Amino acid sequence: MQERHSNRERYFEEQARTTERYYIPYIRRFVRAIPDEVLEVGCGEGGNLMPFARMGCRVTGVDMAAPRVEQAKTFFAERGQEGTFIAADIFQLKELERKFSLILVHDVIEHIGDKERFLRGLRRYLAPDGVIFIAFPAWQMPFGGHQQIARGKASRLPFIHLLPAGLYARLLRRLGEGEATVRELLEIKETRCPIELFRSVVRRASYRIVDQQLYFINPHYEVKFGLKPRKLNGLIASIPYARNFFSTSCFYIIRPLTIGNPFAVG
């Protein structure tokens, strides 16, 4: 396991820097006004929301992991910023009845089984002028199985998540991974998100893709590894299935087909 996955404050700060440098500039290409209300689903410690809070946005984070939500509250309080953080399944919330100009779904969609139901459910929280920013690693990329969360050698082995499930599980155990980690990685394998699957789900859920940007070098790798972000070559990005092996991060702006959006372009 990489240190940043155990040092949550470091992870929080890294998320905040990447959001400020890359996510917000990307989003603002398609949203003309600074969003007044921002919701993040699967917010973790809230690092992605910190730059929005500093911009004066009213931010709300929802996550099913209560310890992460408590850390988000602490980190925001320590930095003198306001934010609302709720530990719950977003679709079982009763108190969250507001509408949001921007919804963030970062490194979450690949963990969800029924992706179409999830996207349809988000419309309940989206303002008429709102958009959704979604980012995820393509499944077939070297570490698309999130094996970096493993505690041993498996965290450094690319493409092992593409093995058949039984063989993958045996290899993880052979490399010393505990049963909890093995189960988590197998669940990610089950709920994986190739680009073609995501685009199909977006259509079935009655959304429109406003923009797609695929990265050969994930922008977050700059703060993690000192690597300069690099967009995927346009020709490779246009080849279905093959592009998954080269896309370490996939950025999307989507909005519902049936909602007008005077703030979004395209």
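The points below describe selected features of a predicted model.

1. Basis. The model is predicted: local features need pLDDT of at least 70, side-chain atom pairs count only at pLDDT 80 or more, and totals for chains, interfaces and linings use all residues. Residues are numbered from 1 along each chain as its sequence is written, and side-chain values use heavy atoms, with hydrogens and water left out.

2. The sheet. An open sheet is formed by 8 strands in the order E3-E2-E1-E4-E5-E8-E6-E7, with mixed pairing. Strand E3 (84-87) and strand E7 (230-231) are the edge strands, as each pairs on one side only. Strands (E, at least two residues) and helices (H or I, at least four) are DSSP runs numbered from the N terminus; two strands pair if DSSP finds at least two bridges between them.

3. One strand pair. Strands of a sheet pair through backbone hydrogen bonds, either parallel or antiparallel. Strand E6 (residues 207-217) pairs with E8 in the antiparallel sense, over 8 bridges. Arg 208 has Arg 255, in E8, as its bridge partner.

4. Glu 45. This residue sits in the loop between strand E1 (37-41) and helix H2 (50-54). Glu 45 counts as buried because its relative accessibility is 1%; buried means under 20% relative accessible area, exposed over 50%, and partly exposed in between (1.4 Å probe, protein chains only). The side chain of Glu 45 makes polar contacts with the side chains of Arg 8, at 2.5 Å, and Arg 68, at 3.1 Å. A polar contact is a pair of N or O atoms within 3.5 Å; within protein, one must be able to donate a hydrogen and the other to accept it, and residues adjacent in sequence count only if both atoms are side-chain atoms.

5. Cysteines. The whole structure has 0 disulfides, a disulfide being a pair of cysteine sulfur atoms within 2.5 Å. For Cys 57, the closest cysteine sulfur is in Cys 43, 16 Å away, which is too far for a bond. For Cys 193, the closest is in Cys 250, and 7.8 Å is also too far. Cys 57 is buried at 6% relative accessibility, and Cys 193 is buried at 1%.

6. Nonpolar patch. Phe 159, Leu 162, Phe 216, Phe 245 and Phe 246 make a nonpolar surface patch of about 420 Å². Accessible areas come from the Shrake-Rupley method with a 1.4 Å probe; for residues, only the protein chains shown count as cover. Phe 245 lies in the loop between helix H9 (234-237) and strand E8 (249-256), and is partly exposed at 38% relative accessibility.

Technical notes: Patch = residues over 30% accessible without salt bridge, like charges linked within 9 Å, V, L, I, M, F, W, Y side chains within 5 Å. Salt bridge = Lys/Arg side-chain N within 4 Å of Asp/Glu carboxyl O.
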